[in-house]
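Open the model in your viewer and keep the selection tool at hand. The stops below say what to select and what is there.

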Amino acid sequence: MTSTHDAPLWQPSQERIDGATITRFQSWAAEHHGAPADGGYEALHRWSVESLDTFWQAVAEWFEIRFSTPYDEVLADRSMPGAQWFPGATLNYAEHALRTAEDPSRADEPALLHVDETHEVQPVSWSELRRQTGALAARLRALGVRPGDRVSGYLPNIPQAVTALLATAAVGAVWTSCAPDFGARSVLDRFQQVEPVVLFTVDGYRYGGKSHDRTETVAELRRELPTLNAVIHIPLLGTEAPEGALDWSEATAGTADPVFQQVPFDHPLWVLYSSGTTGLPKAIVQSQGGILIEHFKQIGLHCDLGPGDRFFWYTSTGWMMWNFLVSGLLTGTTIVLYDGSPGFPDTGAQWKVAERTRATVFGTSAAYVMACRKADIHPARDYDLSTVKCIATTGSPLPPDGFRWLHEAAGDDVWIASVSGGTDVCSCFAGAVPTLPVHIGELQAACLGTDLQAWDPQGKPLTGEVGELVVTAPMPSMPIRFWNDPDGSRYHDSYFDTYPGVWRHGDWITITDHNSVVIHGRSDSTLNRQGVRMGSSDIYEAVECLPEIKESLVIGLEEPDGGYWMPLFVHLAEGATLDDSLRTRIISTIRTQLSPRHVPDDIIEVAGVPHTLTGKRIEVPVKRLLQGTPLAKAVNPGSVDNLDLLRFYETLARDRRS
């Protein structure tokens with residue numbers, strides 16, 4: 001474990017600390033709300049969780065949240081689940097996202113920069129985004145959409161998706177979206193739960209240099225969603241609107257000023273979906289006010305984004321990071337929408353987008369960073385990244401080698417922000433702090449207003465040891481409920497069944513002696529040998545440094561006789577062979593880099609590693625298959641990228657038992 005004596009990889013300059021919004025916020029909160037003026041981030045964080053009500057009141061005032069009716073109190077009920085935030089208040093998320101358009105000096109600046117695989121940059125101004133949102137919101141109302149109705153999008157990461165979300169929020173309706181690479185069954189598993197009245201669709205999308213027609217899939221969605229009153233067609237590939245559908249250009253014609261429906265703080269804003277590896281995906285409902293205030297804090301204070309900044313995160317509309325990216329508009333930041341393959345025409349594609357759009361914060365996945373390292377990409381040498389002040393990663397833990405590579409290859413004065421949160425809160429529990437140093441392999445700190453702790457099985461807080469990631473006080477963006485969960489049992493069982501009244505997220509973490517955070521992977525797939533716990537990500541980091549290993553999957557299986565079987569499944573690079581020499585090197589790598597206890601019992605070649613549709617390795621369902629659970633019960637087929645890859649594990653379990 002890193003100690004306070006280890007030199008940080010990166011340290012912010014005094015100029016950067018002084019210029020950070022969070023520094024000004026702390027001084028202001030000290031003057032107006034009794035926050036500590038001294039002690040830096042650590043003191044501010046302690047105050048933010050010990051004085052939770054006052055902290056969130058300060059955030060609302062600092063970012064000038066417009067409450068059209070005032071709140072009675074900040075936090076009427078602290079219980080989890082069921083916390084009551086800002087009762088009495090009414091507001092509208094879209095009104096805040098478009099506030100910059102009201103400033104005549106900024107109205108013609110870009111709110112959105114859209115980039116596709118041609119890498120040409122297409123701007124959309126604040127005034128045009130506001131006009132389109134107003135016109136579309138008026139059309140939705142004319143189509144009969146009312147507050148609380150669901151509006152769905154089967155859309156790529158294009159400006160029209162942002163307009164559709166904002167118009168939906170302006171009406172007080174509830175947005176939900178899937179990326180068009182999702183098949184019909186996966187989309188229906190999500191949308192059928194929430195019964196949308198409007199569907200925004202494309203005729204297809206472009207990815208990897210090819211056009212992908214989606215007209216048949218859209219036709220199936222229309223057939224299988226009986227609640228639809230209207231379909232709005234976006235001709236991305238240039239086709240006419242199908243019969244009965246409204247064309248996008250017609251739906252957004254007009255110059256009506258947006259009318260922002262004022263809704264209660266806890267009125268639903270959107271529905272996000274868990275990866276849904278077992279059963280139907282969880283339909284997670286988050287509120288207009290909860291998301292608004294949480295994202296102001298996260299984007300304005302933690303990401304340090306404001307007017308003049310450009311925010312690029314590689315994402316799709318099927319991932320919570322897209323919703324988070326859209327919220328960059330709240331702080332008057334220009335957001336970058338890249339619609340295309342992360343590696344087309346080559347692995348350096350995302351760096352090129354950052355260069356072309358003059359991004360100041362560039363967010364990507366840990367997997368992309370490691371792929372660039374493996375492909376011997378040289379970002380700082382080959383691209384102009386002079387505007388990039390922060391490179392952020394999420395999706396999985398960024399390995400130590402990823403930190404080192406970014407520091408060396410992308411610029412030694414770039415702030416590396418590894419962040420961790422979840423779809424469940426559409427935010428981060430821990431990660432970016434612009435005023436703190438960065439240590440290799442560590443997230444800088446828990447986020448403000450987030451009482452993050454590591455607990456042992458008895459509920460005792462741990463420092464310097466691996467424990468369960470828990471949050472012991474409510475966050476405004478926690479779900480207000482799950483859709484179709486009338487008694488709240490599914491919501492309760494997802495987070496609160498282990499420690500009553502405390503959010504257990506399902507990750508193993510270590511909180512270090514200097515309050516940074518190390519993420520070890522999912523706690524329900526953590527490897528636990530002879531009492532020594534290790535995250536699967538630690539194994540992947542070590543093994544996948546070997547050039548012969550394309551990807552790997554490790555499972556720890558408690559067996560009925562008290563034994564423990566830990567197989568490592570390897571997907572080999574083209575031309576590689578799993579011979580004795582490679583097996584020996586895999587074992588040696590794990591033994592020397594990690595621990596002799598975590599040397600696998602078997603190394604087994606597989607045709608590929610299965611993933612969820614959002615790109616996460618499927619560990620827990622594979623564990624269930626190996627324990628003998630039938631495939632139909634172990635996984636929701638619509639949540640997996642390649643179901644055939646899972647049949648291998650079902651067969652393996654059968655062979656082991658026979």
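What follows is a tour of selected helices, strands and loops.

The model is predicted, so local features need pLDDT of at least 70 and side-chain atom pairs count only at pLDDT 80 or more, while totals for chains, interfaces and linings use all residues. Residues are numbered from 1 along each chain as its sequence is written, and side-chain values use heavy atoms, with hydrogens and water left out. Helices (H or I, at least four residues) and strands (E, at least two) are DSSP runs, numbered from the N terminus.

**Two cis prolines**

Select Met-80 and Pro-81: the peptide bond between them is cis, with omega about -5°. Pro-81 sits in the loop between strand E1 (75-77) and strand E2 (84-85). Next, select Phe-344 and Pro-345, also joined by a cis peptide bond, with omega about 5°. The loop holding Pro-345 runs between strand E17 (334-338) and helix H13 (349-357).

**Positive phi in loops**

Go to Arg-358, in the loop between H13 and strand E18 (361-365). Arg-358 is not a glycine, yet its phi is positive, about 55°. Its relative accessibility is 31%, so Arg-358 counts as partly exposed; buried means under 20% relative accessible area, exposed over 50%, and partly exposed in between (1.4 Å probe, protein chains only).

Asn-484 lies in the loop between strand E26 (481-482) and helix H17 (489-495). This non-glycine residue also has a positive phi of about 55°. At 59% relative accessibility, Asn-484 counts as exposed.

**Helix H11**

Select residues 288-302. 15 of the 15 residues of H11 are buried, so the rest of the structure largely encloses this helix. Just after H11, Asp-304 has a positive phi of about 60°.

**Hairpin E27-E28**

Select strand E27 (residues 503-511) and E28, which run antiparallel and are joined by 5 bridges. Asp-507 has Arg-522 in E28 as its bridge partner. The hairpin has 5 residues between the strands, and Asn-515 takes a positive phi near 65°. In E28 (residues 517-522), 5 of the 6 residues are buried.

**Helix H22**

Finish at residues 644-657. Which residues of H22 are buried? They are Leu-645, Leu-646, Tyr-649, Leu-652 and Ala-653. These cover an arc of only 110° around the axis, which puts them on the same side of H22; the arc is that of the directions from the helix axis to the C-beta atoms. Their cover includes strand E31 (549-554), strand E34 (567-572) and helix H20 (620-626), where contact means heavy atoms within 4.5 Å.

Technical notes
Two strands pair if DSSP finds at least two bridges between them.
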